[in-house]
Amino acid sequence: MAIIQKNTLYSLLLLQCALSAVATQNDLRYVNPLIGSTNGGNVFAGASLPYGMAKPVADVDGQNTGGFSTDGSNVTGFSHMHDSGTGGNPSMGNFPLFPHYCKDNIVDNCKFPKAARAVHYNNDSVVARPGYFALTLENGIKAEMTAARRTALYRFTFPKGYTAEGYDLNPLISVDLTDLWDSRQNASISLDADRGRIKGNGTFLPSFGAGSYKSYFCADFGDADVDDSGIWVNDRAGSVQELFVTRGFNNFYLQAGGYMAFDRPDNGIVTVRVGVSFVSSDQACKNAEAEVPEPEDAFDGLRKSAEAAWKEKLSPIKVIPGGASKDMISGFWSGIYRTMLSPQDLTGENPLWKSDEPYFDSFYCLWDAFRAQHPFLTIIDPKAQSKMVRSLLDTFKHEGWLPDCRMSLCKGWTQGGSNADIVLADAYVKNLTGIDWELSYKAMVNDAENEPLEWSYEGRGGLQSGKHLNYIPYLDFDYIGFGTNSRSISRTLEYAYNDYALSVVAKGLGKKDYATYLSRSGNWQNLYKEDQKSLLGNGTDTGFTGFFQPKYINGTWGYQDPIACSALTSWCSLTSNPSETFESSIWEYLFFVPHDMAKLIKMVGGPDSFVSRLDYFHTSGLADMGNEPVFLTVYDYHYAGRPGLSASRAHVYIPSSFNATHSGLPGNDDSGAMGSFLAWSLMGLFPNPGQNVYLIIPPFFKAVAITHPETKKTATIRNVNFDKTYKKIYIQSARLNGKPYTKSWIGHEFFTRGMTLELTLGDKESDWGTRKEDLPPSLSDSVAAFGHHDGM
């Protein structure tokens, strides 16, 4: 035994040395912001700091939800704020710049409107790196951009051009008072040619929410003398220096903005510094002046500062690839990178209320992000995650409700449950610091007990019926609040898990009502119809009986085809084909009982029947890997005592659906949700959010180490017998800190205490992690995690 322990200690020392060697390398070089830049990934490919507000990139007229796409479309401008990976309408893209050469230096020869000015870019000229983006337009103008926290810095290089008389063409840069989806309601602009400055503001609509927001900018032009300035409206321009514009009449959207023209510098470079703000144009100017005081000479230094910020954020994680492909490594680091593009830190830029608390925006949306992104931030950037939780609580404090979705200072549409509750519970069980837990409890109780007038963008709906019937009824009679009267199945299931999250926090705080919410967490069972069959579109019986179904107020059953809203049928959302499940089928929601998988497994006939259903779901085309509810289903085999099948299922989707190509995401990245799913999977762990549970599979690398930013302890997961061809993907045995470990899951203390998990691999399933006592906790087994446990 002593010899074995010495060998184990020796191997751990060798591993630490190897990881130290890896730590000297630049992992940032593997990040490719263009992964997911087409095929609906909608990622933001431009320059940004971690959680930065300024996000400059080229905007295109194709797949432009995140601004830029590698879909071969045309560039319409270069704007300064974006969201990443979202659905809905394109987000922000306010006040785009556009570099022109006007024929014969006649300003009215310039093409100002968006469609008229659009020009293609040279495909091989696109460069995207953390903190930097560049491309060259087909007309030869090169655009580069980098970013500070609230400031975008552009460097436009104009090639030599000549008028008909042989004189130099003068560069002209226009500003358009619009956004990506032309939602502007009104706007104003003013020019100061002596200072080379343009200021402006506009009122716009959020891309997936209610209300409107005001945005402000301050653009300073350097490196060249101003030759001409003015405003433009539609196709014509003039030397007027101020403009106020409304939306226009009906479908006749007024296009308008300002411009400055310059004597061409010898090197052809014109620098533009753009400060942005949600407070005022003067604040935008102050932001720019404070962050980039000398823009003409700042570009390369600012780019290096952005790279340094990203290196620091990625530094907690180190990898020994063990022969894993460069594409696999790139997908891993790029996924981690995208988890920190949003939410955006708008502290000091919130005009809605005064507070000393942090303010984060672009929670877009928590229905997507609670499952993997926020748990991932908890391990690599717990300080930022704590600030995000505090921001959610401060929003509750001043607006009365925890948000489920929020962007551009506006309330976003609620997709399912009150899922900020899960984010709070996850932070609680993982001991994030600096959070007011009494306020958290109050906010969560408010979600559970009080129905808002507009539950379409906050809180929960149908609570009167829900409390009385213990389910949300189909076609509910709800006169207390108003929202889309659909999703009765998915809301019942999500509210049940929200109540479980509340019970966790309540019990931890010693609140007597925890039992009430624990009881409500079982309400999902009331919509399970044990004799419900499922047929495919051609009438073929799937062979499975027992599914969730909608139920009327009087207790009789309604009907929704279990395959409806799946990848085999038609899309269901709030606005397109609303149904009783949100963006997922009844088949997919069947597996959403995160807190009591043991009871669900029993209800569907036991572990073998459950595994058969899960296999059918993943092999029949019913599973939609492009949407977040599917995430946990990849790992649900753990709960049936088959962790090896979770590992093999992950390998089915990686790299087939998640890879390092421009179309390498199966759906919207959703602010980093897809990226975090990939990062977790490649690391060999996956969270059950709101619980102190991480499900274990072998990492896709030889070893991964995560240094906790606060405790400074390093947790390591190491594969023994690692096989880069991935034939050996099944855990045969495990050791935790040198001792045998048989559980198929582990707790958060793995990270905070810096434990070492060694997994011995083979090419066949084993009995590791299959015993009842080794399964992840389920509520009905009375081992649910209400606080600390050793995970050993």
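Colleague: Which residues do ring pairs link into a cluster with F95?

Modeller: The model is a predicted one. In it, ring pairs join five named residues into a cluster, F95 being one of them.

Colleague: How many aromatic pairs does the rule count?

Modeller: Two rings pair if their centres lie within 6.5 Å. By this rule, the count of aromatic pairs is 46.

Colleague: How far apart in sequence are the parts tied together by the pair of Y132 and F299?

Modeller: Y132 and F299 form an edge-to-face pair, with 6.2 Å between centres and 80 degrees between planes. Y132 belongs to strand β6 (residues 132-136) and F299 to helix α4 (residues 299-314), so the pair ties together parts whose separation in sequence is 167 residues.

Colleague: Why is the pair of Y589 and F592 edge-to-face?

Modeller: Both Y589 and F592 are buried. Their ring centres are 6.3 Å apart. Planes over 60 degrees apart count as edge-to-face, and the pair qualifies because its planes stand at 80 degrees.

Colleague: Over which ring does the charged end of K551 sit?

Modeller: A charge sits over a ring if, among other conditions, it is within 6 Å of the ring centre. The charged end of K551 is 4.4 Å from the centre of the ring in question, that of W557.

Colleague: How many salt bridges does the rule find across the interface of domain 2 and domain 3?

Modeller: In this interface, 35 residues of domain 2 contact 36 residues of domain 3. The two domains bury about 3000 Å² between them, with 64% of it on carbon and sulfur atoms. The number of salt bridges found across the interface of domain 2 and domain 3 is zero.

Terms used
Residues are numbered from 1 along each chain as its sequence is written. This is a predicted model: local features need pLDDT of at least 70, side-chain atom pairs count only at pLDDT 80 or more; totals for chains, interfaces and linings use all residues. Side-chain values use heavy atoms; hydrogens and water are left out. Rings of Phe, Tyr and Trp (its six-membered ring) pair if their centres lie within 6.5 Å; planes under 30 degrees apart count as stacked, over 60 as edge-to-face and the rest as tilted. Helices (H or I, at least four residues) and strands (E, at least two) are DSSP runs, numbered from the N terminus. Buried means under 20% relative accessible area, exposed over 50%, partly exposed in between (1.4 Å probe, protein chains only). A charge sits over a ring if NZ of Lys or CZ of Arg is within 6 Å of the ring centre and within 35 degrees of the ring normal. Contact means heavy atoms within 4.5 Å. Buried area is the accessible area (1.4 Å probe) that two parts lose on being put together, summed over both. A salt bridge is a side-chain nitrogen of Lys or Arg within 4 Å of a carboxyl oxygen of Asp or Glu.
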